[in-house]
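Group the points by topic, and give the cut-offs for the terms used.

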Amino acid sequence: LGVNLNQVVSELNRYPYGCVEQVSSKTRGLIALSTVKGATDEISQKIQAGIDRLLAKQKFSGAFGYWDRNSAVYGRFQPYAVDTLQKTLPYASNKEQVIDAINNGLEYLYRTSFDDQNTKLYAYGLLAKAGYEVTSRARYAIDQKLQVDTTKVSTAVGISSKTLDDLTIAYWVSANINDTKRMLQISDKAQFMLNQIEMGKPIPQLASGAWFSPNQTSGTSDLYLKSSLNFAHLLTDLSADQIAPAFETIIENTYEYLAQQQYRSTLKSAKLVTLQQHKKRSLEGTVVSLDGIKYELDATGSVPISLQQLSSGFKISHTASSSLYLNVKSTGQRRGVKAQNNGYKVQKWWYDRNGDYVDLTSGVLAAKQGDLYTVIIEIDRTKLGNGSDLLLTDLLPAGFEIEKAVLGDPTVDGMTFDFEQGKTAFYTAAMDDRFIAHFNSSWYNGSFAYVRYTVRAAYETNAIIPDAVVEEMYSPEVNGRSEITESIVSGG
């Protein structure tokens, strides 16, 4: 079910932002595409660009800064960045430089004791593959995972998936240190847990394009409970005879769950790409007949269907041993111009160079070339619970450019706007066509922030003022958008 390789890679390929995770994820998607379609000049250049961006984030310590080498270090993405560089090595124009960066990164992983146990295990697995002696440390960490009591399986949201994540990373590390005893112990626990979940599972029903249990009010897919969302993709690095049946099932469950999600972070999309490459093993040799024309499925899992065939109908058959799915993805402008609140309320206001409010109730900003404006965006979290790593993206309307100038402070009811209130952005960037802000702190119901930047009306035009969009970077289904308005820029 869900998107195919071409669609996921295209999502990653057009993602414009550049934190260490996003650069790694986008580069992994391009590597997958080159594996399928061959290393074209365009793909090779983009992979090299990803390598260069990762190298630019590495500190002298071997760690990778989140946005650049002077930025904060996110522990959970350190093994991911090193792993990505290892995968890029065959494509690197300067292999010695990449090898040095990999070795520096491995040394950092070897010296660092990560607080998160799964990050620690991920590091041990990479170190073991690279020839480091970490067997004793890895076995101790694995044994902590083996103490999990899988006889008390909970189908509460996240509980079983978290436990399967723990078992999956432990199994992968056990395979990398050639510990068959622990591999057997872990696979037995995983199989028992899958069986327990299966026994207690209600009959599923199809709703909104995904399988849900009718007894679950949370809307959580049964596949979610049987998946390892964080680490199933690592198993695909193992040989076929190293993957126990329980973990083949986990790989399949995770693949299907991620493939049918409406919202995916770049991290999840990169993992889906890896799982799709593994999936191609079961599709090799499959022939699809479309209106009498036969196509042998490649690793993208797709065949061409014309608009005429979609309009008038077509006949299709296939030789696959499992079901194939016909997916249609539609794209276009969003419906309506009103703000949308899916966990965050977003409002955008414009102030002139004197700090006076510009009334846009008419739906149109009337500007002249050279006019300067302060754009203020308010973000309010309305969803219960907590969230973190929020990204604001505000696309510029055509005809406007970002200026470094700071104008007069905006006033509200005669009072100067207080930007010291609320949360402060960890990182901001004025790009050619947009302004972005990253918040790395936890958000709760009632949390808020104000963001400001300056723009200049540069060209005569009639254009749409796009909505400011916020989304949680690793739970993008929690998001919000401001209203859409229009602008008319006339000659000065």
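The model is predicted, so local features need pLDDT of at least 70 and side-chain atom pairs count only at pLDDT 80 or more, while totals for chains, interfaces and linings use all residues. Residues are numbered from 1 along each chain as its sequence is written, and side-chain values use heavy atoms, with hydrogens and water left out.

**Terms for helices and strands**

- Helices (H or I, at least four residues) and strands (E, at least two) are DSSP runs, numbered from the N terminus.
- Axes are lines fitted to C-alpha atoms, for helices over the stretch in contact, and angles run from 0 to 180 degrees between N-to-C directions.
- Angles under 35 degrees count as roughly parallel, over 145 as roughly antiparallel, 65 to 115 as roughly perpendicular, and the rest as oblique.

**Packing of α5 with α6**

- A crossing is called left-handed if the near helix is turned anticlockwise from the far one by less than a right angle, and right-handed if clockwise.
- From α5, Leu106, Leu109 and Tyr110 meet Ala123, Leu126 and Leu127 of α6, where contact means heavy atoms within 4.5 Å.
- By class, this contact of α5 with α6 has six nonpolar, no polar and no charged residues.
- Ala, Val, Leu, Ile, Met, Phe, Trp, Tyr, Cys and Pro count as nonpolar, Asp, Glu, Lys and Arg as charged, and the others, Gly among them, as polar.

**Packing of α4 with α5**

- The axes of α4 (residues 78–88) and α5 (residues 95–111) come within 10 Å and cross at roughly 155°, and the two helices are therefore roughly antiparallel.
- The crossing of α4 past α5 is left-handed.
- On the α4 side the contact is made by Gln78, Pro79, Val82, Leu85, Gln86 and Thr88, and on the α5 side by Val98, Ala101, Ile102, Gly105, Leu106, Tyr108 and Leu109.
- By class, the contact of α4 with α5 has nine nonpolar, four polar and no charged residues.

- Helix α4 is mostly covered, with nine of its eleven residues buried.
- Buried means under 20% relative accessible area, exposed over 50%, and partly exposed in between (1.4 Å probe, protein chains only).
- Among the buried residues of α4 are Tyr80, Ala81, Asp83 and Thr84.
- The cover over the buried residues of α4 includes α2 (20–37), α3 (41–57), α5, α6 and α12 (266–279).
- Thr254, in helix α11 (residues 245–259), is buried with a relative accessible area of 1%.
- Neighbours within four places in sequence aside, Thr254 is in contact with Ser227, Ser228, Leu229, Ala232 and Leu275.

**The six-stranded sheet**

- An open sheet is formed by six strands in the order β6-β21-β20-β11-β16-β15, with antiparallel pairing; two strands pair if DSSP finds at least two bridges between them.
- Its edge strands, β6 (340–342) and β15 (427–430), each pair on one side only.
- On average, neighbouring strands of this sheet are turned by 20° against each other, direction ignored.
- Six bridges link β11 (residues 390–395) and β16 (residues 434–439) in the antiparallel sense.
- Thr393 has Ile436 in β16 as its bridge partner.

**Strand β18 and its partners**

- Strand β18 (residues 448–457) has seven of its ten residues buried, so it is largely enclosed by the rest of the structure.
- Strand β9 (residues 372–381) runs antiparallel to β18 and is joined to it by nine bridges; Thr374 has Thr454 in β18 as its bridge partner.
- Strand β12 (residues 400–403) also pairs with β18 in the antiparallel sense, over four bridges; Phe400 has Ala457 in β18 as its bridge partner.

**Positive phi outside glycine**

- Asn178 has a positive phi near 60° and is not a glycine.
- Asn178 lies in the loop between α8 (159–176) and α9 (180–199), and is exposed, with a relative accessible area of 64%.
- Asp291, also not a glycine, has a positive phi of about 50°.
- Asp291 is in the loop between β3 (287–290) and β4 (293–296), and is partly exposed at a relative accessible area of 40%.
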